[in-house]
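Trainee: Could you take me slowly through one part of this model, the aromatic pairs, and then show me what lies elsewhere in the fold?

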Amino acid sequence: MIIYKTEEEIELIRQSALILSKAHGEIARLIKPGVSTLQLDKLAEEFILDNGAKPSFKNYNGFPYSLCISVNSVVVHGMPGKYTLNDGDVISVDGGVYKNGFHSDCAYTHAVGEVGPEVQKLLEVTKQSLYLGLEKAVVGNRLGDVSHTIQEFAEANGFTIVRELVGHGIGRNLHEAPEVPNYGKRGQGVKLQNGLVLAVEPMVNLGTRHIVQEDDGWTIRTKDNKPSAHFEHTVVVRKDKAEILTTFDYIEQANKS
């Protein structure tokens, strides 16, 4: 069942999303060669707790960390640990915040130092596919309009869409209806209405679209071990333009400093 949010509920999600966005900015400052993925996770957890919220992911279905940190060929659900970042890595940081009874969800894929032009293009295209998809997240459109736009742009640029993993509704629960695939047909799927809050999250691969799950039961990587990118915003469907509740501004400010 799809749960549409009231303006009061959207305001609470906005507060959660602001903390999450700021946490992403703090993490971005630390992303450099020699830093372990566990250090990033600890920083995020401390920041979220210090701001009166809780990490949505920690203990979710038994996941033991506050962030999913996915490096290089890991698509999503990478587990923080002793791995230290190297120049040329790409690292997806995916986090959620729970505050005032509501969740937010946001992901960003960073280049560590210098990456090759093909990988840089992968990051740029994946990020742009998210924003192009969100342009379709308006009242009266169908969910397939969002999905198709993401797929069309990514594939036109020579990349592939992961199909087994999808975005989702979000609110009092981290994952709610409807599912939001990153592929599909225009004019199909749920009709979008005001107050629908979605986590839209393209997952785009450099090589094959196929994925495998590792033995830890969480980590999902590309079957050919080529890099993957992942960007995500929490948004509200509105009449003329989707309202994006999370922001990458704090990340981009950190990257400039």
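**Aromatic pairs and their surroundings**

Mentor: In this predicted model, the count of aromatic pairs comes to 6. One of them joins Phe63 and Trp218, whose ring centres are 4.9 Å apart and whose planes stand at 75 degrees; because planes over 60 degrees apart count as edge-to-face, this pair is edge-to-face. Phe63 sits in the loop between strand 1 (54-55) and strand 2 (67-71), while Trp218 sits in the loop between strand 11 (211-213) and strand 12 (220-222), so the pair ties together parts that are 155 residues apart in sequence.

Turning next to the strands, we find an open sheet of 3 strands in the order 6-10-13, with antiparallel pairing. Its edge strands, each pairing on one side only, are strand 6 (160-161) and strand 13 (228-230). Strand 6 is joined by 2 bridges to strand 10 (residues 203-205), and the two run antiparallel, with Ile161 standing opposite Val204 in strand 10. Across strand 10 and strand 13 lies helix 3 (residues 117-134), which runs at about 30 degrees to strand 13.

Finally, there is the largest pocket, with a volume of about 410 Å³. Its lining is made up of 21 residues, and the closest to its centre are Tyr60, His77, His168, His175 and Glu201. Strand 7 (167-169) and strand 8 (176-180) each supply at least two residues of this lining, which by class holds 10 nonpolar, 5 polar and 6 charged residues.

Terms used. Residues numbered from 1 in each chain as written. Predicted model: local features only at pLDDT ≥ 70, side-chain atom pairs only at ≥ 80, totals over all residues. Heavy atoms only, no water. Pairing = 2+ DSSP bridges. Helix = DSSP H or I, 4+ residues; strand = E, 2+ residues; numbered from the N terminus. Contact = heavy atoms within 4.5 Å. Axes fitted to C-alpha atoms, helices over the stretch in contact; angles between N-to-C directions. 1 Å grid on protein atoms, 1.4 Å probe; cavity = no way out; pocket = protein on both sides within 12 Å on 5 of 7 lines; lining within 4 Å. Points joined across faces, edges and corners; volume = space filled by probe spheres on them. Nonpolar A, V, L, I, M, F, W, Y, C, P; charged D, E, K, R; others polar. Phe/Tyr/Trp six-rings, centres within 6.5 Å; stacked < 30°, edge-to-face > 60°.
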